[in-house]
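Okay everyone, thanks for coming. Let me put the structure up, and then we'll walk through it together.

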Amino acid sequence: MGNLRDIKRRIKSVQNTTKITRTMELIATAKSQACMNRIRGALPYFHALDEIAGQAQQAAGEGELEHPLLEQREVRRVAILVVVANRGLCGGYNTNCLRLARDHRERLLAEGKEVLLHPSGKKGINWLKFNRIPYEGDGYTQFEDKPAFAEVEAVADELIGAFLSGAVDRVDVVYTHYFSAGRQAPVVETVLPLAGLEGDADTASSEQSGGGARVANFIIEPNPRAILDTLFPLQAKLHLFRVYLEAATAEQIYRRVAMKNATDNGIEVGKTLKMDYNRARQSQITNEILEVLGGAEALA
Amino acid sequence: MRVSLVTPDATYYDGEARSVVLEASDGSMGILPGHAPLIAALGHGVAEVDDGQETHRVAVYGGFVKVQDDVVSVLAGGAARREGDADSARAALEEARAALARAREAGSPTAIAEASERVKRAQAFLALF
């Protein structure tokens with residue numbers, strides 16, 4: 001039962017914690033909404049770029065696709081960009097992703113490949129340090145809930161540079177993919193070499209069949225080749241930009257869920273403590289009455 | 001015609017316009033309503049969108065433009081509106097040039113590419129003033 005004042009103090013502290021978690025839940029809800037809007041806002045850009053890619057490829061003719069970023073080399077060294085959060089209190093967000101990253105790394109090592117890790121997010125950096133796994137550079141910590149394209153570009157430039165110089169033969173990314181508002185899960189994707197223009201042929205052909213007479217014959221300036229040359233690096237950057245947008249969204253959703261659970265739990269604990277408190281108070285009153293009665297009897 | 005000027009994370013113009021002037025990779029290019037379908041790579045420079053009342057000027061850092069059915073989509077690799085004063089823009093350009101010179105001395109191709117991109121951006125931005 002504990003004494004009354006102790007229980008009272010615990011009730012107060014649980015209530016305060018619940019207040020904090022509830023606020024964090026609300027903040028995370030608002031931020032996850034904003035993040036989802038940013039993904040939605042970026043989609044037209046991605047689609048338009050895919051269409052340009054499809055058109056340029058069509059104009060360039062099949063089989064002419066050659067670009068350093070498309071080059072499939074024998075894979076000896078792989079760079080892995082691991083995207084997790086700077087902060088915790090978001091349930092299994094960091095752990096799940098880091099576990100997948102570790103498994104992926106071990107699989108590659110078992111295949112006899114060399115692995116260069118590029119962690120992004122303080123939690124990832126600390127995890128690697130704790131497990132004494134070496135990583136490249138200082139890691140990236142500049143990404144919060146609103147990753148800016150220019151910032152992602154800087155990271156992308158570094159990885160593209162490493163790929164082009166031959167320092168690595170493949171660039172993978174491990175991050176939490178945003179499937180929908182209800183489902184997010186860590187995944188591994190290959191950023192470089194680019195997978196070619198998958199899906200673009202579909203958009204181009206569906207446009208042709210659907211559009212019938214209004215198939216646009218685009219004037220292409222300066223020429224398809226030049227378009228594709230500038231397009232490929234941009235595609236790699238956009239891939240990473242999408243990765244960061246989705247990871248940020250997933251982080252907020254995870255945090256919202258974690259904080260909701262904490263809040264619910266806090267309310268539950270508060271209820272139990274309140275009951276304990278009432279019980280203790282009641283038994284104290286009973287005791288006092290008994291004492292008074294006993295005293296009266298002794299006097300009589 | 002409808003004109004949108006966007007980067008992956010921001011919209012700089014979205015609405016009706018009478019004309020657009022863009023810096024294509026090989027020179028200046030004007031687009032008026034009724035333009036033939038076009039895809040072009042953009043260079044670094046100032047885009048001018050005339051909506052009938054005023055001319056919106058935005059520095060565009062590479063990217064693409066697609067014209068189809070009187071819809072002009074400018075997909076910029078980066079963009080900036082006029083901000084600050086000409087002197088600081090000039091100073092930024094000077095600094096970018098200095099960084100490029102240093103990168104050339106160091107001889108790393110990625111650093112040179114990065115620095116020359118910065119110079120091009122600073123030039124385009126300065127052209128806003």
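So, how many residues does the contact take from chain B, and how many from chain A? Chain B gives 23 residues and chain A gives 26, where two residues are in contact if their C-beta atoms, placed from the backbone, lie within 7 Å.

Quick housekeeping. This is a predicted model, so local features need pLDDT of at least 70 and side-chain atom pairs count only at pLDDT 80 or more, while totals for chains, interfaces and linings use all residues. Residues are numbered from 1 along each chain as its sequence is written, and chains are lettered from A and ligands numbered from 1 in the order in which they are written.

Let's start with chain B. Its secondary structure comes to two helices and eight strands; these are DSSP runs numbered from the N terminus, helices being H or I with at least four residues and strands being E with at least two. Reading from the N terminus, the order is β-β-β-β-β-β-β-β-α-α. The C-alpha trace of chain B spans about 50 × 30 × 25 Å along its principal axes.

Now the strand pairing, where two strands pair if DSSP finds at least two bridges between them. E1(B) runs antiparallel to strand E2 (residues 10-16) of chain B, with six bridges joining them. They form a hairpin with two residues between them, and B:Thr7 has B:Ala10 as its bridge partner in E2(B). E1(B) also pairs with E7(B), this time in the parallel sense, over five bridges. There, B:Arg2 stands opposite B:Val71.

Chain B is assigned two domains, domain 1 (2-81) and domain 2 (86-126), with bounds that come from an automatic or database domain assignment. Taken over C-alpha atoms, their centres are 25 Å apart. Eight residues from domain 1 of chain B and five residues from domain 2 of chain B make the contact. On the domain 1 side, strand E5 (38-50) and strand E6 (55-68) of chain B each supply at least two residues.

Back to the two chains. Which strands pair across them? Strand E5 (residues 219-221) of chain A and E5(B) run parallel, joined by three bridges, and A:Ile220 stands opposite B:Ile39.

Last stop: the helices of chain A. In general, two packed helices are described by the angle between their axes and the distance between the axes. Here the axes are lines fitted to C-alpha atoms, for helices over the stretch in contact, and angles run from 0 to 180 degrees between N-to-C directions.

Helix H1 (residues 4-60) of chain A packs on H6(A) at about 165°, with the axes 5 Å apart. So H1(A) and H6(A) are roughly antiparallel; angles under 35 degrees count as roughly parallel, over 145 as roughly antiparallel, 65 to 115 as roughly perpendicular and the rest as oblique. Their contact has 32 nonpolar, 13 polar and 14 charged residues. For those classes, Ala, Val, Leu, Ile, Met, Phe, Trp, Tyr, Cys and Pro count as nonpolar, Asp, Glu, Lys and Arg as charged, and the others, Gly among them, as polar.

Then there's helix H4 (residues 149-164) of chain A, whose axis comes within 9 Å of that of helix H6 (residues 224-299) of chain A and crosses it at roughly 125°. That makes H4(A) oblique to H6(A). Among the contact residues are A:Phe149 and A:Ile160 of H4(A), and A:Leu240 and A:Tyr244 of H6(A). By class, that contact of H4(A) with H6(A) has 10 nonpolar, no polar and two charged residues.
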